Amino acid sequence: MRFLVIVRTAAELPFATRYCDALARAGVLLDAADLRAGAVDGNGRVTTGAPVRGYWLIDVRDHAEAVERVRRIPVAGCVVEIRPVAVV
Amino acid sequence: MGATTSVHRTIDAVWRMESAKVIAALARYVRDVGLAEEMAQDALVAALEQWPVEGVPNNPGAWLTTTAKRRAVDQIRRRENFNRKVEEIGRGVRESSPDASEGVEDEIGDDLLSLMFTACHPVLGTEARVALTLKMLGGLKTEEIARAFLVSDTAVAQRIVRAKKALAEAGVPFEVPEGPELAARLASVLEVIYLIFNEGYSATRGDHWMRPELCAEALRLGRVLAELAPKEAEVHGLVALMEIQASRSQARTAPDGTPVLLLEQDRARWDWLLVGRGLAALERAEALNQPPGPYYVQAALAACHARARRPEDTDWRRIAALYEVLARLSPSPVVELNRAVALSMAYGPAAGLALVDEIAGAKALQGYHLLPSVRGDFLLKLGRTDEARAEFEKAAGLTRNERERTLLLDRAAACLT
């Protein structure tokens, strides 16, 4: 099962691509990227709220494993969201 | 009740994530993979008793390893010849405090690699290697392996017991082989991983929900191995092959379950993320500048299709050339037959027919329905319809697949009009 792990943090970049070693070594990391600040919506207006600063796309057996793997990543002061990817 | 279930789910997940590392670390101390696995299982039992009550520890992997090592010490104490071993293990227990897991990744990596090489040791039969690998490296339960291979739990349990015994009797050392031995041993590891992948991918015997799980597990093992042995081109070759094949899994069957041939697949349904990963793995293999191995060549073949946005964009000349390389590396009439198809696509049906006629006498192809079927196709394209019809009829008589037989008989009938 695939999960998109969305990281909201005020930490310096690179962040997602820096803390993905353990996921890669475990063979579950499919993709990771850091995102620059300055999110805009479809009309070009700057959006507010805690910025999404990076993501990990992982392939694991189930939700519990996704949670456990993300829990091990030493990420202080950030909000992580774990979303299952739909198979359509 | 709900909390207990959720703890159990966590324990399941922790076990899948940590068991291989626990077994590997333990095997380094006790020098016996079978014993290491038993002790790890004991630690799991302890976790199932304690965690629901006391909560999941902060570093569950270290907890499991420490608990398992303590059990191993007890176990060996109870046995006769414990002196030196106990000393070693005792030291290990003190050294590995639960917080010491960072910074020893290299050591863990070596242990994991040793575990892979041991589980896939050539003294074991194929089935034993597969079962042991899934159990010890994949963290699968015996009943999960049984379900995946459509055999009974007892059969798998026996397979594993016998395999562990065979390893002990053969005195297989717990280490990463070196020198000339490495190549053969690595080939055995790669073979096991690819077998697991194919068992999930080909679904020859029914299709069970465990099947996609096997593909995913093989891919994961391959990626782990690529991290552990990054200088082995064939490892990247195998990963590339599996990623690209897996990218087609949604497109390779129609909604009613009928298989869809590669050239007829809807390429929009390919998983382009996996295609990209496969091509990247292939580049890593190429960058190592080693002589091409069979997995690399098969991956390169798969990549030819993956790079073509439309079937008509396929680089058949490159495919024909790659099949020639593959035929040299692992000679097989089936590879030659594929080469014939590629030749006909690249240079016309006459070129394909020439090769088919050359290999038609091969023993391995007698009774193989694809030989007359392919030959019929070439003949039809050359306008030799009578001969083509005879070949299609011959092929129809040889295939055991009802759907395919109908298809071949239709093609034979079409030759008459």
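Predicted model: local features only at pLDDT ≥ 70, side-chain atom pairs only at ≥ 80, totals over all residues.

Guide: Strand 1 (residues 2–9) and strand 3 (residues 52–59) of chain A run antiparallel and are joined by seven bridges.

Now widen the view to the whole sheet. The sheet is open, with four strands of chain A in the order 2-3-1-4, and the pairing is antiparallel. Strand 2 (29–34) and strand 4 (78–84) of chain A form the edges, and each of them pairs on one side only. On average, neighbouring strands are turned by 15° against each other, direction ignored.

Two helices touch this sheet, one from each chain. From chain A comes helix 2 (residues 63–71), which packs on the sheet and touches strand 1, strand 3 and strand 4. The direction of helix 2 makes about 160° with that of strand 4 of chain A. From chain B comes helix 12 (residues 272–287), lying across strand 1, strand 2 and strand 3 of chain A. Helix 12 of chain B runs at about 95° to strand 2 of chain A.

That leads to the interface. Chain A gives 19 residues to the contact and chain B gives 24 residues. The size of an interface is often given as the accessible area lost when the parts come together. Between chain A and chain B, about 1,900 Å² is buried, and carbon and sulfur atoms give 48% of that area. Within chain A, the residues that lose the most area to chain B are Arg25(A), Arg61(A) and Arg72(A). Together these three account for 35% of what the chain A side buries.

Next, the polar side of the contact. Six salt bridges are found across the interface of chain A and chain B. Arg61(A) forms a salt bridge through its side chain with the side chain of Glu144(B), at 2.8 Å from N to O. Ten residue pairs across the interface of chain A and chain B are in polar contact, with both residues at pLDDT 80 or more.

Which elements of chain A give two or more residues to the side that touches chain B? They are helix 1 (21–25), strand 2 and helix 2 of chain A. Helix 2 of chain A provides the largest share of that side, with five residues. By class, the chain A residues on the side that touches chain B divide into ten charged, eight nonpolar and one polar.

Technical notes. Residues numbered from 1 in each chain as written. Chains lettered and ligands numbered in written order. Heavy atoms only, no water. Pairing = 2+ DSSP bridges. Axes fitted to C-alpha atoms, helices over the stretch in contact; angles between N-to-C directions. Contact = heavy atoms within 4.5 Å. Buried area = accessible area lost by both parts, 1.4 Å probe. Salt bridge = Lys/Arg side-chain N within 4 Å of Asp/Glu carboxyl O. Polar contact = N/O pair within 3.5 Å; in protein donor to acceptor, adjacent residues only side chain to side chain. Nonpolar A, V, L, I, M, F, W, Y, C, P; charged D, E, K, R; others polar.
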